[in-house]
Each structure stands twice: as C-alpha cells, then as structure tokens.
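Please look over the sequence and the model shown below before reading on. The report that follows is written for someone who meets this structure for the first time.

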Amino acid sequence: MLRTSVASWLFVGGVVFFGISNAWAQPEDAEAEPERPSLSSRVGAARAAALLEEGDPAARLRAIERLGSSDAEEAVVALAEAMAPGTAARSDPRSRLAALRHLARHAGDEEKARQVLLGVLNSVRAGAPEEPLDALSRQIAAMGLARADTEESLSPLVTAVIGGGRTGSIARSALLACRPKNLVAVVKSFDELSPRTIEVLGQLGDPRAIGVLRHQLKRDDRKVERAVLVALARLGDGSIVDRAEAFLDRPDEPGGKKQAKEGAKQTEGGSSPAEQIAAAEALTLLDAPRAPEAIAELLGRVETRNEALRLAEESLSPALLPTLRAVLAAKVTDAERLRTALIVAQMGDLGTPILLELLNRPALATVAALGLARARGPLAEDGLTRALRDAPAGAPKRLILRAGIVRKLVVGEVLDGLVAALEEAYASADPSDRAIGAFGLGVLGRLDVDALVADEDPVRRGEAHRVALATGRAAALGPRFMELARAGDEATLAREGLSLALLVQGDRSIEALASSTLATWAEAGGALAPAAALRLATRDSRAFRARLRQLLDGTSPSLRAQVALGLGASPEADATYLLVERFRFEPEAIVRAAIVRGLSQRPEKLRLPTLRQAALLDPDERVRALATSALAGRKLAAPLFARGPAEVAWVTLRANSEGEREAVVRRPVEVRRADGLVVPMVSAPDGVVLVVGLREGERYDLAIVPQAPPKAPVVAPAAPPTAPPAATPEAETEPLAPAPLPDEAQPDGG
C-alpha cells in the first residue's frame, strides 16, 4: 500500500479564541420579568413543529431553521420534542445535525434540549460503524454540553470520559475545547476520581485543580498515583518530583533491577513499567534534572522503548544523545531506528556527529541529510561541506546536493563548493543529476524561471515549477502553461507541474483559458483537477454554477476544499449562500476550514451566523480559531507563497520492484497543506519530491496522483485508473504515517 512521510517536523499549533455571540449571552438583569412570547411566535412554533413531521426533508430543514431562529420557550421545546428517538427529524442525519446546532444554545437552561444532546452523544453502540454525519452530530452534541458549563451538562461528559471508547474521546475533546469555569461541576459527583478524569484535569491546565489532584494522592491506588503525577506535572506542580523519583528508585518487578538505590523510599512491591513511564513523563514535563536519566533507562528496554521515544521527542535533551546513539546501533525494529534518527536530527548542531555517521546507512541517510541541512551551527556546516567534497557520484552525491539546497532555503547558508557541484550536475548525462542541478541553480539565483521554462532539455525544464514555488515567480509559468493548454497536451502539463500557474492570483495570461476547459479538468480528476477547480470557483458565474455545486458536493475532500477557497473570491454575491449551505452538512474538518476561509473574504452578512456557530460549536480546533478570526474581520485567504520562515519537506518514492522503477519518473503528486490549498508538484527522475515554500509550524500531507489514462482530447473527462507502483529512492526509509493513497506503491520519507 502506498504511504508517505514528510520529514520536516512541522507541528500544528494555534491559539483558539472564542467569540461569544448574542445567542449565547445571558441576561444581565436576573430580576427582570421575562418577556412573554407573542401570539404570532406561538403560532409560528406550532406550524413549524407540524412541518417537522412531514416527509419532505427540505420542509423539515426549513421548519428546524424557523424554530431554531427563536429563543422562545415554545420554539425550543417544540424543536427538542421533534428530536425524540424514532422521529423523522432524529432519524435524518441532516435534520438531526441542523437541530443540534440550535439546541446547543439552550443546553444550560432547558432540560429537554440537554436531554436531546445527551441522547445523541450516547447514540452509538460499542463496535458499531458510524457514518461521518453521525459522528459530527455526536461531536456537536458534546460541544453543546461542554459549552453550557453547568453541573447538569458537564457530569454526563465526565461519565463518558470515564467510560472511554469513541464517546469518551469525543467528550474529552469537548471538555478541553470548552474549558469549564466551574471545576466543581466536573468533580462534585466523584469523590474518588478515575485516572481518566485525573488526566483530563491535568490537560485542562487550570491551576485550581492542583488541590483536588493532591488530595487524590492519599488514596492507596497505584494507577491513580501515576495519573496524578503526570497531571500535576502538567500543571507545573514541582512538589511531586520526589515522589516521581521514588518510582524510579523502587526495585523493578521480576526481570528488572533487583536492588533499590541506597536511601530511596521503599514500598511494597516494585515499580511497574507503566509507573516508571509515568514518573519519567512527570519529570520531563517539569524539566527536572533526572528526566534524561529516566528516559535513557526506559530506552534500554523493549517493553518501554516506544513510550521512551515519545518522551525523548518531547524532551530533545542533549544528554540523551549517547543513549540514542546506542539505540541506533542496537537490535531494534526498523521503525524504532528511524524514529530515533528523527529525534537526533531535531537536536541541531549537537547531533551532527551521529548524523554524519548515518549518511553511510542507506535506510537513514535521507533523515540524516535533512537534519544536517536544518541544523544551525558550524559543526553541521563543516560536516556537510566535507560530505559534499567526498561523496561519490550518483545517489550519494545527489543526497548531499539536496541537503545543501535545503540549507540555503531554511538556514540561508551556501556550502563551499555547492555552486560548482550543481553546475557539474546540471551538465551531467544522468537525468537525475541534471534535475537536481537545475533546481539548485534556480534556488541559488544562478538560473531564473524563464530560462528553465525555455530550456530544450525536458528534464531541466521540468524543474521550473519547483524553482517558481521556491522563488515566488510562478507567474513565469503562465505562457508555457497556455501553450500546452491550447495544444491539449494535458500529459505534459501534469508531468511538468505547470498547473501551479493556475494558483497565481492576478496572472492575466491564464485569463485566456476557457472556463469550460477548467470545468472539464476539475471533473476529470487527475493532476490538473485541484488547481482547475479553485480557478474555476474564482470565476464563479451562472453558466458554471451547477457544475461548481456538483464539485462542492460530490467530490473528494481536497477537491471540495479547493472550490470553497475559490468561492471566497467569487464575483457572485450568492456564493456566500453556497458556502453556508455546504458548511451545514460538511463532515470533513479540512473542508469546513476552507469554507470558513472563503466566508472570511465575503462581504455578505449571511456569513455571520455560520461563522458564529463554527466559532462556538465546531469540534475541530482549527475551524473554531479560523471562525473567530473571521468574525474579528480578518481575511483568511490561503496564499500560494509562504510568508516569513519557510520549511522544506523531503519525500522519496520507492517501487515494489526494479521493473516498476519508471512508474514515478516525473510522477505528479499533491501537497495538501493545512490551510486546505492543494499545491501540485512532480517527483524528480530519481523519485525524490523536495517540497519548498511550506509554512513553518504546520503539517502537510502528500498524495500521489493516479497515473493518467491514455491521451484523450482535453474536453473528454475520464476516470483515472488505479495508480501503478512508485519508484526507488537512493535512501530507503520506513514511512512514519500512512495516508489514504492509491495501493501498489510505497514511498519513503526523510
């Protein structure tokens, strides 16, 4: 099965700010007499309730919106009663989801609304399959209960956390997203907290929980004790250091150390591996002096190595380098060895001696080269300079050349001898060398994009799109793109990554391309589809609205996201309605995030209720943060080029057999960025994909585009067949994270 990994160590992060809309505000004057609902509101509620029982789904949705738009008690009760188990509204996923978003506003003060949310949250049986909209409904229900922040709404969530499973995970996420203001509502009914509740209290980050957690240490329960140690450490409570160290100093259960350290606290029985892991994690969170020692001890055992590697990734303490070197030399699994190399590669200049050794180990060479390229300091620079001088021709030389290019992009340093080596590669008879030579000289400013586009050598010309992305000059691809588009040469457009030109805003040369051609490419799938869909959406018009709607409703999540991003710039005012309608029933978070980005660029007031709902109730942290920013007036476009510090991803494709090696020469791939934008790229002749211009601090997925069918007229859409296997890199490394990509091929990542 085809998998990828991107060794750029990009981490998703963000701060979520919650804007509170009028719908969530509480009356300031509690003594004021509540306003009685008018006769018209009562009649309207009764009529809408009657419509809920009709068989027409569209009528049901209209009735739900009518009831949901009112805060009158009759309307809330009618909507809640219509959501009773077995009713048409409860059974229809879309009706249920629409109703839950409205009922969530009343979970704090209306028992019937709260019971509906709780019933939906607990509506799945253990092991039963769950449709995407059903899962989203349960997440919205949990968010509504957590947002209510009352004892009645929070206690069921804590109960679900204790129970674990899918429902427990949903409840935990909701509690962490809507941090309770009143901790008593979380712990009042549980004098003896479960380990899972203790874990959540630590993750909430509320220092008021310290006293509650310390009280739990009085219990004679080792599971509780280790959970409390980690939770208190998360809250910065250094009083538990001695207790954590006592776990480390206890003699192990059979198979471990036989003697406790002299003077250490003794207890009946030895420390289990789980207890020692908890102790090491607590010390790591507190940055205690003994943390590296504790991690090193765990790295040496098979049963604790996986958790120890996790802690080493969090710690990145230079004191761990000798132990990590020993792990690399020991008999460990390939995955453990690769993970260890990645940790060393993140330690900067201090990891250089180990990384230089790994350059000679093919399975780890790519990771080592990327680590050396990103390390800021003289050791890495000198080591790479020597490696460049001494590396033999072929794959080893290309490895160091790529490391030198990455160093220029990320660190800003040019290795001695790099330019001369790239010029030599540029003139080589080996197409893989010529490709890296052209790319490197373009990045260093020795060649411009126009020269590469005009190069007679198709290998060097194929690097133009990558240089354009690295230098911010993708508009230079426009004339070449239009030349091939007019000729109907889709295969060359895909092979040279020229659909990148479609993502350049304001490129007038692309305006001559017919919208009908863009629609055909978008509907056919393949390498041109994402960029074509986005460009078509920016041109939104009545003539193509039906086709855009189909792309927004019935395609892959990544393609739906492109349409949503493009509609943000649509000249049609009702594009906002299209985005709002899609958001209501969109199960994929990446598409909802793209819709929010699109709505942030729209001037119509119709966008505001959807943005408020997203900011308050969406289960995805990124969507909530984007919606809050959009409500504050920020325009959240997804620009093609990175602003500020950039990162580089280095991925290598590997074939299942030598006979299939040619399958990924200039193979189109999609870089699916965290902001939803899909950037087209093409692998080098040796199967390497060096993705430049990535934003620092975000994750990216890479998908291999299925092989194109035999050449057909540009107007004839065709369903692409299953992708054949991918090709072999010079460095074979185990992929870290599988992705939902075509079968039969397998990429390796550095």
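Predicted model: local features only at pLDDT ≥ 70, side-chain atom pairs only at ≥ 80, totals over all residues.

Residues are numbered from 1 along each chain as its sequence is written, and side-chain values use heavy atoms, with hydrogens and water left out.

**The sheet with E3**

Helices (H or I, at least four residues) and strands (E, at least two) are DSSP runs, numbered from the N terminus, and two strands pair if DSSP finds at least two bridges between them. Three strands form an open sheet in the order E3-E2-E5, and the pairing is antiparallel. E3 and strand E5 (700–704) stand at the edges with a single partner strand each, so one side of each is left without a neighbour in the sheet. From one strand to the next the twist averages 25 degrees, where axes are lines fitted to C-alpha atoms, for helices over the stretch in contact, and angles run from 0 to 180 degrees between N-to-C directions.

Strand E2 (residues 668–673) is joined to E3 by five bridges, and the two run antiparallel. Valine 671 has valine 679 in E3 as its bridge partner, while proline 668 stands opposite valine 682 in E3. E2 and E3 form a hairpin with four residues between them, and in the turn glycine 676 has a positive phi of about 100 degrees.

Strand E3 (residues 678–682) is mostly covered, since five of its five residues are buried; here buried means under 20% relative accessible area, exposed over 50%, and partly exposed in between (1.4 Å probe, protein chains only). In a regular strand the side chains alternate between the two faces of the sheet. Val678, Pro680 and Val682 point one way from E3, Val679 and Met681 point the other way, and all are buried.

**The pair E1 and E4**

Strand E1 (residues 646–654) is joined to E4 by six bridges, and these strands run antiparallel. Glutamate 647 has leucine 694 in E4 as its bridge partner. Eight of the nine residues of E1 are buried, so E1 is largely enclosed by the rest of the structure. For E4, eight of the eight residues are buried, so E4 too is largely enclosed by the rest of the structure.

**Cavities**

On a 1 Å grid over the protein atoms alone, a cavity is a set of points where a 1.4 Å probe fits but cannot get out, and lining residues have an atom within 4 Å of a point. Grid points are joined across faces, edges and corners, and a volume is the space filled by probe spheres set on the points. By this rule the count comes to seven cavities of 30 Å³ or more. The table sets out two of them.

| Cavity | Volume | Largest share of the lining |
|---|---|---|
| Largest cavity | about 60 Å³ | H25, three residues |
| Second largest cavity | about 40 Å³ | E4, four residues |

The lining of the largest cavity consists of Arg402, Ala435, Ile436, Phe439, Glu463, Arg466, Ala684, Val688 and Leu690. Helix H25 (431–443) and strand E4 (688–695) are the elements that give two or more residues to this lining. By class, the lining of the largest cavity has six nonpolar, no polar and three charged residues, where Ala, Val, Leu, Ile, Met, Phe, Trp, Tyr, Cys and Pro count as nonpolar, Asp, Glu, Lys and Arg as charged, and the others, Gly among them, as polar.

Around the second largest cavity stand Leu469, Leu640, Val671, Arg673, Val679, Val691, Val692, Gly693 and Leu694. E2 and E4 each supply at least two residues of this lining, which by class has seven nonpolar, one polar and one charged residues.

**Helix H18**

In helix H18 (residues 321–329), Leu321, Leu324, Val327 and Leu328 are buried. Seen down the axis of H18, its buried residues fall within an arc of 115 degrees, so they line one face of the helix; the arc is that of the directions from the helix axis to the C-beta atoms. Pro322 and Ala329 are exposed on the other side of H18. Proline 322 has a relative accessibility of 58% and therefore counts as exposed. From C-alpha to C-alpha, proline 322 and isoleucine 354 are 9.3 Å apart in space, and they are 32 residues apart in sequence.

Note on methods
1 Å grid on protein atoms, 1.4 Å probe; cavity = no way out; pocket = protein on both sides within 12 Å on 5 of 7 lines; lining within 4 Å.
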